[in-house]
Amino acid sequence: MIGIMKHWMKQFPPYEGDRPYLYFAFAAADSARVWRLLRPLLSRGCRVWYCCGPAGSAEELLHRQARCEKAALTVVYLTDAVCADRDAKSAVLVNQKFNRPILCLDPDEKDRRLSMNLRETVPHVPLYQSSAGGDWESAILHAEGFSQDMIGDPIDVGNSGRLISRLTLAFCALAVLLAAVSFAGFHVFGWFSSAPRDEVEISDLVLQAAVRQAAGGGAITEERLSELSFLRLRELPESWEELRFLSALERIELPQQALLDGGALPDGDYVIELSGGDGS
């Protein structure tokens with residue numbers, strides 16, 4: 001959303017002149033939805049001042065405060081995000097304190113008057129109602145504080161609206177792609193996995209598989225190796241040397257057919273148990 005916001009702030013900067021204007025208060029998280037409301041206002045020629053996100057400096061903060069206080073009308077896109085935006089909320093409440101006209105646009109049925117510390121007398125436009133959804137622009141044009149002096153030269157925003165939509169789709173597609181890559185990486189390659197890694201490296205694949213199975217399929221750790229007293233092998237390893245890591249090993253189950261084929265037994269005082277020719 002930040003990239004979208006920067007685009008239309010660059011293309012259609014906030015009004016900085018001395019003629020009457022309205023202040024549109026909203027949170028950065030709502031910028032894409034707010035654009036759909038700003039666009040027809042700008043097309044009509046309405047002078048709009050707005051800001052988004054935290055101020056970059058004390059000087060910028062003072063400038064924002066001055067522009068908010070000089071607005072003839074404050075329009076608030078009332079969401080949880082703007083209620084949590086300290087700077088936007090402070091500006092709106094300052095204007096309320098000095099009885100400057102305020103109009104709220106409600107995108108859903110949630111009552112946020114208390115969250116925003118708004119008076120009961122502040123008018124609200126329910127955007128979620130079909131009967132009011134198309135009349136929000138008329139509600140602004142007829143709100144207290146709005147006058148024809150706030151209408152200037154119309155701005156052509158036709159192509160920009162389509163570009164914003166394409167940017168929105170591009171960001172959504174990128175987010176889906178990143179999520180898919182992360183999902184695949186987690187399940188196929190184990191990326192971002194919090195599972196513990198092997199503490200002991202067993203290079204012989206036959207022994208490694210048998211030890212991991214005996215360890216319950218988890219990581220091969222020194223603690224787990226010190227607890228293993230039994231090992232079941234499906235075939236003979238190339239070398240028995242790495243049995244030295246299993247200090248508690250007492251019994252080894254081997255496939256009978258492997259011994260019949262001339263396989264060598266491990267050195268050491270182990271109890272050897274033979275399984276069927278197929279390793280069962």
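A: Let's start with P54, which sits in the loop between β2 and α3. Helices and strands here are DSSP runs numbered from the N terminus (H or I, at least four residues, for a helix; E, at least two, for a strand). One caution: this is a predicted model, where local features need pLDDT of at least 70 and side-chain atom pairs count only at pLDDT 80 or more, while totals for chains, interfaces and linings use all residues. Residues are numbered from 1 along each chain as its sequence is written, and side-chain values use heavy atoms, with hydrogens and water left out.

Q: Why is P54 called exposed?
A: Exposed means over 50% relative accessible area, buried means under 20%, and partly exposed is in between (1.4 Å probe, protein chains only). P54 has a relative accessible area of 69%, so it counts as exposed.

Q: What does P54 touch, not counting residues up to four places away in sequence?
A: P54 touches R64 and D87, where a contact means heavy atoms within 4.5 Å. A27 is 27 residues from P54 in sequence, with 9.9 Å between their C-alpha atoms.

Q: How do you know that the length of α3 agrees with its number of residues?
A: The expected span of a helix is 1.5 Å times one less than its number of residues. Helix α3 (residues 58–70) has 13 residues and should span 18 Å; its end C-alpha atoms are 19 Å apart, so the two agree.

Q: Which residues of α3 are buried, and what makes them one face?
A: The buried ones are R64, R67 and C68. Down the axis of α3 they fall within an arc of 100°, so they line one face of the helix. The arc is taken from the directions from the helix axis to the C-beta atoms. Turned away from that buried side, α3 carries the exposed residues A58, E59, L62 and K70.

Q: What covers the buried residues of α3?
A: The cover includes β1 (22–25), β2 (48–49) and α5 (86–97).

Q: What makes D18 exposed, and where is it?
A: D18 is in the loop between α1 (2–11) and β1. Its relative accessible area is 82%, so the exposed label applies. D18 and K70 are 52 residues apart in sequence, yet 9.2 Å apart in space, C-alpha to C-alpha.

Q: Which residues line the largest cavity?
A: R64 and D87 are among them, along with Y23, A25, F26, C51, C52, G53, D85 and A88. At least two lining residues come from each of β1 and α5. By class, the lining is six nonpolar, one polar and three charged. Nonpolar covers Ala, Val, Leu, Ile, Met, Phe, Trp, Tyr, Cys and Pro, charged covers Asp, Glu, Lys and Arg, and the others, Gly among them, are polar.

Q: What about the second largest pocket, and which element gives the most to its lining?
A: Its volume is about 170 Å³. There are 14 lining residues, with L61, Q65, D87, S90 and A91 nearest its centre. α5 gives the most, with seven residues. The lining has seven nonpolar, three polar and four charged residues.

Q: And what volume does the largest pocket have?
A: About 210 Å³. Of its 13 lining residues, R100, P101, I102, P123 and E144 are closest to its centre.

Note on methods
1 Å grid on protein atoms, 1.4 Å probe; cavity = no way out; pocket = protein on both sides within 12 Å on 5 of 7 lines; lining within 4 Å. Points joined across faces, edges and corners; volume = space filled by probe spheres on them.
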